[in-house]
Structure formats: structure tokens, C-alpha cells
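Thanks for sending this one over for a look.

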Amino acid sequence: GKFVFMFDDRKTSTKEILGGKGANLGEMTRIGLPVPYGFTISTDACKSYYESGKEIIASIRTQIEESLQILEERTGKKLGDPSNPLLVSVRSGSVFSMPGMMDTVLNLGLNDETVEGIAQLTANPRFAYDSYRRFIQMFSDVVLGVDAFFFEQHLEKYHEQHNYSSDPQLTAEDWKKIIGAYKAIVKKHSKKAFPDDPREQLFLAIQAVFDSWNNQRAIIYRRLNKIPDHLGTAVNIQSMVFGNMGDDSGTGVAFTRDPSTGKRELYGEYLINAQGEDVVAGIRTPNPISTLQEKMPEVYKQFVQTCQRLEKHYKDMQDIEFTVERGQLYILQTRTGKRTAEAAIRIAVEMVTEGIINKRDAILRVDPDQLNQLLHRRIDDTYERRLLVKGLPASPGAATGQVVFDADEAEYLSKEGKKVILVRPETTPDDIHGIIASEAVVTSRGGMTSHAAVVARGMGKACICGCEGIKINTKNREFRVGEIVVNYLDTITIDGATGDIMLGEVPMIEPTLSKEFQQLLLWADEERELGVRANADNPEDAQKSREFGAEGIGLCRTEHMFMDPERIPIVQEMILADSYDGRMKALVQLLPMQKQDFIGILEGMQGYPVTIRLLDPPLHEFLPDKEELIVQVTKLQLIRGNGEELKKKEALLRKVQQLEEFNPMLGHRGCRLGIIYPEIYTMQVKAIFYAAAHLTDKGLNVQPEIMIPLVGHVNELKQMRQLVVDTAVEVMEETGKKLKYTVGTMIELPRAALTADDIAMEADFFSFGTNDLTQTTFGFSRDDAEGKFLQSYVEHNILPDNPFSVLDQNGVGKLVEMGVKLGRGTNPTIKTGICGEHGGEKSSIEFCYRTGLDYVSCSPFRVPLARLAGAQATI
Ligand code: PEP
Ligand code: MG
């Protein structure tokens, strides 16, 4: 097979084979852009490398040699030829972009002889030796495993000894001496001489890039982004161009639109007289791209045109790396730019307006998972900010957390449940686990395209970069802003959209939808067939869910109304009562309150359907904690003269003990409560109908859907349905109003799904309660499993995901499919929906659409996600 492809090889351009970078380099070469020539070693070669026990097999070696020869002919240079040496870069490039996670070697081909050639050809010995020492350091670090630290340490000492304060002061002679010392360092730490032979250098570097596919940070990044481990990386060999040849040279990175807001303007930065990695590494803070217009007007013009061309060609926002060598522009890479959710939406919508893509493309462009970034709280606009300091607004969002200075520490503390903000001089790919664990990231150095900024934007985390006003002392674990000292674990708040950093906590407000976001969701609604409702149990949530576009309430959990601090004593009184009469005394007090609750919600939904679920949790959830009660009773027993209080508490304790269950989730809850204490359900149903009658009077068309929880046998539903019907008749007679309503059930026990044909004969609708259905199908306690073992199940690939967040389609999903099919068999008009957490999760929503459910119901903040994911499922 063919494993190596020249950039202008027309036969292949698939990303799967060439990796993203290789495919794009090929494409850019073919459309005539100024790309330094080279070739790509395919991902299949990487797979072969691992299959042959980390060996580049002979046939692949031959293909590499042949391609190298073509490259040499095309450039007129030869690898290792002192009179006209070819220098190349060796870069990774996988199918999915993994920025900074794998290894790169630049300036390859330098040795003691070729460096002389470069010095003569460029008439710039200083540049030649500077490049050589950079190469030794990078190659040794990446390929030979000699830590960059040793070289940096030596360089620092050299500076001190010669009273230098920065690298540009060093002469060619200085670099020559340093190169000698660097080679000694290599020999000492790797026990071998630095390889002089450029061919040996080349093959060692290729191997190192293959190896870097499996370094720790690449593995973590893949896990986080769900990139399969078997894909492997391609390797790109490209002739070098130099941005560090003087003040007519430079290097930079630019996005064709603002990756933070989506605004249509070139966004990026560059450094004069610098080499590639200097910009992204965040070591020097670069200049904004707009200033290149004055410095190099011709180059700027050409670059702007190239950017526009690339964006049109790929029909998406591009992230472009470029180098200027002695006034000549080269494009080194282009890829689809990573962006925040806000930018993703704005770009998608504006590209439709600009005629670049169509509405369906726009809908598919935005990842629903990204949306919750936008639905986060932000700092209250009316709050007058007291700024500590300002940095670059690298990734929007507001966050409050305790300051930490180390990635490991961030990870550790977040596992302890602390919210932390990682503050670093700069971040490297080795800090990735710390960034994941933090609420936000702040760096004192580096620009908007630095590692921290790119990674944070990708994850939707707030980030501020290049905040030069803070002086970080990682050793003392503090940072200073002038006189002010912020210590380890002090609380700060940051606004990634403005770059503001403030001390302590500040007031936040709820999110709203931008104009573009609403536009995209309206387009999504045009495509969407699946209904979207919200889980809401108070008027505020109902209101919010309407704003976000919910078409009704799929689950109103009435127990939350019982938890109200004013009502809980009455609820307890009801539970404590030993007789029907005693219970009724309390229920009579609860009735008008429940009526008000339902009026609020039904009115808020303005005629949209509302599914109200009758009381579900075990009663002990409304009672105080047993251990606490025992302490109180014991205390009261010691104090005389408080007989009344003691008697009350003793009664309460007896009831708590009586209601205690070993497995409360499998105990006396759901419709089992309604069957044993029908008066409770009767009160709730009465309240619903009184509310409906009241609103009908006001001219509102309300149709409550009354839902019976935790049904496992049709007889349970039959009896509860009768209770609802009887109560309805009673209220209608009393009020003289004709009321419309339906009665249905949750399908949240395996037996309910298995006998859905029977159950459907008594039900107007099914709502799949996939929280309980997951609990009972797996036999995993939903309250204990996650912390105890589920996390580790996912880490060890026993389960692909936490089944309480992502529906287990093969297991729990089969019960859902069966429930729908059996239910429709006996009741063809039955309405079906889902109201477990899965109703707001992308892949589960797609499953619900495929399974033919009528709607999904999720938390109000997930409604926009569900609208978009629902549309994507259809397309
Ligand atoms: C469910 O079980 O999926 C459900 C929605 O009900 P709850 O979470 O209230 O048990
Ligand atoms: Mg449930």
C-alpha cells in the first residue's frame, strides 16, 4: 500500500489517512497557496508502526526516502548537504485536531557542517547557530527525552556570566559555545552523542511523533473529547521557512473571525523575528494582527486575501498559521478554528446570511453540548465592578473560585468539592488535567491564541490571558497586584468576556438568549419533529422554560411543593397522624396551597400542556433526620418540666423509626402511597381541578395531564385512574364547570415496560422516567452508585458513559422501545415522552426521535439544547 503522499499528490486528500493538518496542507498546495513543500506519512503508517512493535517497516522507509528525494528535487536542496542543506519540520497531525498534545521538531537537518552552509547562504551566522541550538534543545527534549530544563538552566547561567539580559544580545560566537555545552548535556543525560546524521535525525523524529500519540496528555485529551485511541497520527515533513531571519521576518496565528464572539473580523497575533512555536507557547506576548498592516503592508494585504479565500473554500472559520521569511508570506497550516458557543452560533447564523452555508448546515454546525456555556449565569450588569486588575478576554463566562497555582493541586481540590481558579504564568499541555478541574484559568503571560486560551475556549471555560498586571510567585503560592497580595485559596471572580478580575464573590444574574441564538433555534424548530417540554415545578421555572421555547411541561414534581419551609410542618402533621381524620385535618390546610401552586403553573404555561405528577417520594423524606431527633429527645429527657415538647419529639421519633426503610427507593413510594393513603392523592387531584376550574373561568384553555408515578402493574393504575375520575366528577358537579384532562403514567420500572400493552389500556399517555428505569434496570442505586463505583466503571471502560446521564440504549433503551411498541399495540393514540435526565442529553434525544417518542422533557436550561439536538436528529 501507499503510506506516504506528497502535498500535491492529487490521488488522496482524506483526513482519515492524512490527518487534518496533512489533508489541509495538500489542499492548500493544490489551490495554489504559498505552502512550503513537503509530504505526509499516513495514519496507516502509524498503525503499522504500533502493529510491528514500534518499528517503521522497510517498505514504509523506502517510501519516505523516495518522497524525500522528490522534496529535494523540488526545493533544490539536499538533506545533509553542507553546500545547500534542506531543513525540515516534523509535525504530528491526527484526524481530530488535538492542539499541542503531540510532538513537533523544527529545524531538522542541522549538524556541525550544515550549520556552516546555512550561515554562508543566509550571510547570517548568528541566525544559523541560534537555529541549531534551538534544534538541539527541541530534538533532545522530544526525541531523546532530555528535559528542556537542563538547556534552559545552562542558558540562564551563560546570561549571568556574560551580563546578558536577553537572547538577542548573544552573538554567533556565544551560540557556538552554547551548542558545545548543549551537546555535552545530551551526552551526559542520554548516554549517547547527539545524532549528527540528518537521516538518522529524521527517522528518530518520525518515530517520536508516532510515540507521542500515546503520551499521557494526548491520552487524557482523547478521553475528554471522546476521540478513539486506535486512529493514530500522521506525520508531516515540510521544508522549513524562517520567521526569525530579521525584522523583515515574523510568524503568527490568525482566525478568520473572532473565536470568542464570532464577530467577522480578522483576529490574531504575530511576532516579528520569531519562530513558530514562540507565539502559541505564550512566552512572549505578541502583537495584535491589525498592526501588521503598518509594519508589512504588502504581506498584510496578501494575508487578508488568503484568509478570505480559505474561509470560502472550507466554508467555515479557519485558524491559520503563517510565517514571513524576508518579506515573503508562507501559510503553514489551516484548520477549522475552535470557538466558543457564542461564536459558533453567530458564525453559523451570519454565514447563512452571507450565503456561504444553508440553514441546515448552520443547525449542524453548533454542538448542542456547547450550549450550556451560554446558559450559565453571568455577572449582574447593574453591579458596579471593583476591579482588581484586567487581562485579555480570552474565553467568555463568569466564574468564582479559590485561587490555586498548580494543576495537580487544582485537580486534587476539585475532587474534594472545591471550586478553584487556576492561576499560572502560562499553561502548557501538561496542565490539561488542572484546567479540566478548574472553574476558570488566568495566566499572566501569553496572548489570545496561547495554549490556555485555546484549550479553555474549547472547553467553554472562562479564561483571562496575558494579565501582566499580576506578579505570580508560584513558590510562595501568591500573586500580587501592586501592593495587594492574593494568597492561595483566596476567592476571586473573573469575567472572561471582559478580562476583569475581582476579589471575592460578586452578584450574578440568569442568562438570556442572544438574537443569533434565537434565530438559530427558530430555524431548528422548523426542522424539528420531536416535541420539547420542560421539567418545572414552580411558576418561575415554568416562565423560564417558556422563554427558552418549551412547548409545555413534561414533568411537574409536586413533592417540591411539599418541601416549602412553611408547609413542611403541616406535611409532617399529616404524616404523623394515626387516623384518616387526623390526616384529613392536615390535608385540608394543604389543599388551598396546592391549588395556588397549580394556578401559577397552569397560568404560566398559557394553554400549553402540563403534566402533573402526584406525590412520589417515600414519606420519610419529609421528616427530620433520625440521629438528630435521638439527640434532641435525649436532651429533653434530661431537662424536667418540658413534658409537652418531649412527648411531641418522642412521637416524631417513633414515626421516623416506623417509616425507616432499608431500600427507600424500592419502598413505600409512588402510587403505592396513593393506594394506601388515597386521601393524599385525592387532595392533590382536587387542587388540580379547582385550579383548572378557576382558570377556565378566566377564559384560559387548560388541560392538565395527571400522572401516576411508579406503576408496575396495571391494577395500580386502574385504581388510581378511578380515583382521578371520581374526583373530577365531584369537582365538576361542585363547580358546574366541564373540565378536560387526561390520566397517564410514568414508565419507570422494568415490569411496566414489559407489560406496557396492559398498562396502555388504562393510560392516555406514557412518560418514560429513565432515572428510575436506569436505577431498576441496572440495579444501580441512583443515590450511591455514581460516587462509589460508576466513575471508575467509566474510567476503566466497563461502561462507555454514566448511564444516569447518557441513556444506555442497548439495555434501558430496549425497555423504552418495547414500552412504546407494546403500548401503541393496544392504544394506538397513546402519547409518549421522556422526562428523566436523559431528555436533555444529545445522544439520548437522538434515540428518542428514532424510537418515535412524541416529545422529550428536560430541565428549563436544557430546553435550547433539546430544540437544537431534536432538529439535528431529523436532518
Ligand atoms: C425518573 O425516574 O426518571 C423521573 C423523572 O422521576 P424522578 O427523577 O422524580 O424519580
Ligand atoms: Mg422516578
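1. A word on the model and its labels. This is a predicted model, in which local features need pLDDT of at least 70 and side-chain atom pairs count only at pLDDT 80 or more, while totals for chains, interfaces and linings use all residues. Residues are numbered from 1 along each chain as its sequence is written, and chains are lettered from A and ligands numbered from 1 in the order in which they are written.

2. Domains. The protein chain splits into domain 1 (4–239), domain 2 (250–336), domain 3 (376–509), domain 4 (530–617 + 671–772 + 831–874) and domain 5 (619–660); such bounds come from an automatic or database domain assignment.

3. Domain 1 against domain 3. Their C-alpha centres are 34 Å apart. Seven residues from domain 1 and seven residues from domain 3 make the contact (C-beta atoms, placed from the backbone, within 7 Å). On the domain 1 side, five are nonpolar, one polar and one charged. Here Ala, Val, Leu, Ile, Met, Phe, Trp, Tyr, Cys and Pro count as nonpolar, Asp, Glu, Lys and Arg as charged, and the others, Gly among them, as polar.

4. Helices α21 and α22. The axes of α21 (residues 568–576) and α22 (residues 580–604) come within 7 Å and cross at roughly 155 degrees. That makes the pair roughly antiparallel (angles over 145 degrees). I570, E573 and M574 of α21 meet R583, A586, L587, Q589 and L590 of α22. By class, this contact has five nonpolar, one polar and two charged residues. Helices here are DSSP runs (H or I, at least four residues), and strands are E runs of at least two, numbered from the N terminus.

5. Helices α23 and α24. For α23 (residues 626–638) and α24 (residues 643–659), the axes come within 10 Å and cross at roughly 150 degrees, and the two are therefore roughly antiparallel to each other. Among the α23 residues in the contact are L629, I630 and V633, and those from α24 include L646, L652 and L653. The contact divides into eight nonpolar, three polar and four charged residues.

Key:
Axes are lines fitted to C-alpha atoms, for helices over the stretch in contact, and angles run from 0 to 180 degrees between N-to-C directions. Angles under 35 degrees count as roughly parallel, over 145 as roughly antiparallel, 65 to 115 as roughly perpendicular and the rest as oblique. Two residues are in contact if their C-beta atoms, placed from the backbone, lie within 7 Å.
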